Structures are given as structure tokens and as C-alpha cells.
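User: I am new to this structure and would like to know what its labels rest on. Please take me through them.

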2 protein chains.
Amino acid sequence: MVDDPQKAGDNGIMVVNLDMVFSALADPTRRAILAMLLEDDMAVTDVAEPFQMSLAAISKHLGILAEAGLISREKRGRVIWCKLEPDALRAGSVWMQGFGQFEPVDLDAFERFLEEELAATGAETETTLTPSA
Amino acid sequence: MVDDPQKAGDNGIMVVNLDMVFSALADPTRRAILAMLLEDDMAVTDVAEPFQMSLAAISKHLGILAEAGLISREKRGRVIWCKLEPDALRAGSVWMQGFGQFEPVDLDAFERFLEEELAATGAETETTLTPSA
DNA sequence: CGGATCGTCAACCATGTGGTTGAATATGCC
DNA sequence: GGCATATTCAACCACATGGTTGACGATCCG
């Protein structure tokens, strides 16, 4: 087993630690990684490629994301594939929407954020969100 | 002016720093404070009352929440009133819903969580979320 | 005025975080 | 086997975070 994520209970109900989820999301590098994984599953080396920092640093970030339950990692051969796990995010989203008083989602705002953040991080995956639909 | 929050641009569109918003939300004390402010505006001393920690510590937490734009503070007499500012939260919510792929909100999950966290402020903060569909 | 209350500030401390580098562990390939 | 690739581990460093305490300015009240 590669991951040691937040484990699901016997009843199959996911247990999410909001401390971990939000502090994982507080880092722009990690949010950029999530944005990349939104496109497709990726190997660790490929995740690290657009960033300036070392592979070890990215590996740590992936560990934090996995502990928070935001991604899962599966080893196939010598490559570890990273996959977005939206359930933990949904838990945070539920919490925030509660405080946001359930107003409708502004999709344009979301795309603006993603573009800004990807640009600012230097992760030049220019096709990340815009063309997909 | 009491606060030095994230300022609104000339166009009146709020500029939200997701780093600040998420790292502010990563602390259970601060989330509990937001939950309290969801009920009503409160004076700093009253905010601090249910917590074990010092007033100075709560004052710091309120500073962090204000810098993130999550609350505002207004001084009236010698009392500083704290008020929830849902706009910054909504920005984070938009971001998260994007990753959550716009699934419907589970209101029951949110209410369960709020009860838990208010009941045990400072304790382990977890929320349960039924698996996706 | 003098004293009590409200809240912050400053200094300090322990621990956590994000990064580095170099060594170590697996796995695939010839 | 032997070497290259993929990823983590361990030690280290600078700095941020969350808490404390004590002093301080501001405000209300008798």
C-alpha cells in the first residue's frame, strides 16, 4: 500500500479532517498540483516537472495531499500514479457553502482563479482548463 | 479603521488571497469562531469566552481572520465588534466546488459538522460525509 | 481624578512547514 | 548481474505558527 490516507470507517462513511484538508489547500503549489490532476492522473515525476523545486519537495507535497485524502497514489511498476480524490474536497466545499449561505457558484470566477494560480506558479500547463468545454 | 483586510479593487470586485483564506480556515479555533459569528456579531471578549486560551491568542486569531477577509472588526466605544464577511468564504467555496465537480451540497452533513465542532471546540475536528452517489 | 474593563502589542518559546541535499530503496531493462 | 530510472528517506536550515505572559493605550464609570 502506498498511501496512508484518512481511512474510511467500517460503514464506508468517509471521515474527513478539515484541519488537514484546509491546510493542504493553503499552499499554492499543492493547489496547482490538484489543478493538474483534474486533467488526468499523473506520475510523480511528471507532476514535478513544471515546478522549480526539487522532486523531493513535490513528493512531500503529494504526501500532504494524500494524508488529507485529496489524492490517492497507486504504485504500478516503479511509477506511482497520483489521482484526484474529490470526496475530501467536497467535504470542505460543504463546510464553506454553509458559511457562504448557499449562493450559486460563479463558474467564471473559478476559471479566473485557476488561470491566475497556474500562471503565478509557473506551471505552464496552458491548456489546463480553458479548452476542455 | 480597525481592520487592514484584503482590499477591494477599484472596480469593487473583491480580491481574495486563497492562501490566506485556506490557511485561516485550517485552524479549528478559527473555524469555531466563524461558526459563532454565523449566529451573530460579537465583541472580542465574548468571542474568547468559550475557549481555554488567553484573550491575546483569540485576538491574534481574529487578526488572521480579518487579514484573510473572513471577518471585519468595528470599534464602538471600547468594544470591538466582529462580523462575519462571507465574500471571502464564497471565493474559496467557488474554488472547491470547481474541484468537487459541482455536486449538490449535503446540507445535513454540514449541520452535523457544525454541531460537532461547536460542541467540542479545540478538540478533534472531523466531519463525516456520505460517499458520492 | 482613579479604577476597572477592553483589546492589542512585544517579547519569548516550542513546534510545524517548506525547502534543500545526499543517500537509500524499488523496479525495469539489457 | 549491473546500470539507469522512479521515488522516498533523513538530516538539516530558515522561517512561520500558535501559544504564553506582562505591559500598555483607550474607554467607560463613579
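Analyst: The residues of the surface near DNA strand C divide into 10 nonpolar, five polar and seven charged. Ala, Val, Leu, Ile, Met, Phe, Trp, Tyr, Cys and Pro count as nonpolar, Asp, Glu, Lys and Arg as charged, and the others, Gly among them, as polar. This is a predicted model, in which local features need pLDDT of at least 70 and side-chain atom pairs count only at pLDDT 80 or more, while totals for chains, interfaces and linings use all residues. Residues are numbered from 1 along each chain as its sequence is written, chains are lettered from A and ligands numbered from 1 in the order in which they are written, and side-chain values use heavy atoms, with hydrogens and water left out.

User: What makes a residue count as near a strand, and which residues come nearest to DNA strand C?

Analyst: One of its heavy atoms must lie within 4 Å of the strand. Of the 22 residues around DNA strand C, the nearest are A:S54, A:K60, A:H61, B:T45 and B:S59. Sugar and phosphate make up 67% of the atoms of DNA strand C that come within 4 Å of the protein.

User: Why is the approach of A:S54 to a phosphate oxygen of DNA strand C called a polar contact?

Analyst: A polar contact is a pair of N or O atoms within 3.5 Å; within protein, one must be able to donate a hydrogen and the other to accept it, and residues adjacent in sequence count only if both atoms are side-chain atoms. A polar side-chain atom of A:S54 lies 2.8 Å from a phosphate oxygen of DNA strand C, so the pair qualifies.

User: Why is A:C82 called buried?

Analyst: Buried means under 20% relative accessible area, exposed over 50%, partly exposed in between (1.4 Å probe, protein chains only). A:C82 has 0% relative accessibility, so it counts as buried. B:C82 is buried too, at 0%.

User: What makes A:F22 and B:F22 a stacked aromatic pair?

Analyst: Rings of Phe, Tyr and Trp (its six-membered ring) pair if their centres lie within 6.5 Å; planes under 30 degrees apart count as stacked, over 60 as edge-to-face and the rest as tilted. The rings of A:F22 and B:F22 are 6.1 Å centre to centre with 25° between the planes, so they pair and count as stacked. Both residues, A:F22 and B:F22, are buried.
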